Amino acid sequence: MSTYTDHPTPEGLLVRGTVLIVPGRGETRATYDRLGRRLAADAWRVRVLDAPATDPDGWATAPARLGTRLSEALAGIGADDVAEEARASPARPLVLLGADTGAAALAALLAGPELPAAARPDGVVLAGLPAPGTAAAPATAHDWDAELEVRTACPTHRGRLTDDAGVHRGALDSPVPAALLTAAYESDPGVPALLLTGDADPLGDPAALARTTASLSRARLAVVRGAHHDVLNDLQHRAVAAEIVTFLETLRNGLVPLVAVESSTW
């Protein structure tokens, strides 16, 4: 059984790069079908992995296990998109995108020695990082409506989560180890980073993310107005996807923005 979901690019278009998505607590690969399709429509090859395990005993080895899974997911990806001699490698740039604990695990992986060379990205997107010192969400394990309120105001996303039998209800109550969050907030990933957070996320801390962004060598923080914890899938998902595509295209251009606003009256 496959442990990832592919979103291929439109036929006939040159693949612009590769994006691997790592979901967060309680989420499934289907949670990112909408985002995956949107990025793929812009000719980015997208592959979605399973979320990292949330059992307390598994977090200590989560970064190392994630590194192995990333390497496995990259094996043979996009083999039909490149020349015969290059088929052992994914289309570059390679960007790793994580949400919630998926973002925290990616940040810890990039900060440590467990990252396989084959999975070394050219950029990273960290969305919905839980705030430092946040042991768990409000008590939502037995109140699905309360958990949805923490996650999103988007009725479509709420319906998708509710109808997905694979979604682990109450997962936001799973504590995030302090060591994992320390790695996410205090380590430099060593590659260009886009951090995304919602200003209505009860689990987030935009001020802490701003301090982290200022300490990194190449990073940008985007705060989404009105967005909840599932910042990639909330009501503002179109604008968020556009922000991600802008980051991807800027990364392809050596971090030089392709569009510069020279004059505006709004």
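1. UniProt, in an unreviewed entry, places the feature "domain: Peptidase S33 tripeptidyl aminopeptidase-like C-terminal" at residues 190–250; UniProt positions follow the numbering used here, feature names are shortened, and annotations may be inferred rather than shown by experiment. The end C-alpha atoms of residues 190–250 lie 17 Å apart, and the span is 39% helix and 20% strand, where helices (H or I, at least four residues) and strands (E, at least two) are DSSP runs numbered from the N terminus.

2. This is a predicted model, in which local features need pLDDT of at least 70 and side-chain atom pairs count only at pLDDT 80 or more, while totals for chains, interfaces and linings use all residues. Residues are numbered from 1 along each chain as its sequence is written, and side-chain values use heavy atoms, with hydrogens and water left out.

3. In helix α6 (residues 178–186), the residues L180, L181, A183, A184 and Y185 are buried, meaning under 20% relative accessible area with a 1.4 Å probe and protein chains only. Among the elements that cover these buried residues of α6 are α2 (62–74), α3 (101–111) and α7 (206–215).

4. T18 belongs to strand β2 (residues 17–22), and T18 counts as buried because its relative accessibility is 1%. Leaving aside residues up to four places away in sequence, T18 touches W44, R45, L74, I77, P90, A91, P93, L94 and V95, a contact being heavy atoms within 4.5 Å.

5. Two arginines deserve a look: R47 lies over the face of Y4, at 3.8 Å from the ring centre, and the charged end of R169 sits over the ring of W144, 4.3 Å from its centre. A charge sits over a ring if NZ of Lys or CZ of Arg is within 6 Å of the ring centre and within 35 degrees of the ring normal.

Technical notes:
Buried means under 20% relative accessible area, exposed over 50%, partly exposed in between (1.4 Å probe, protein chains only).
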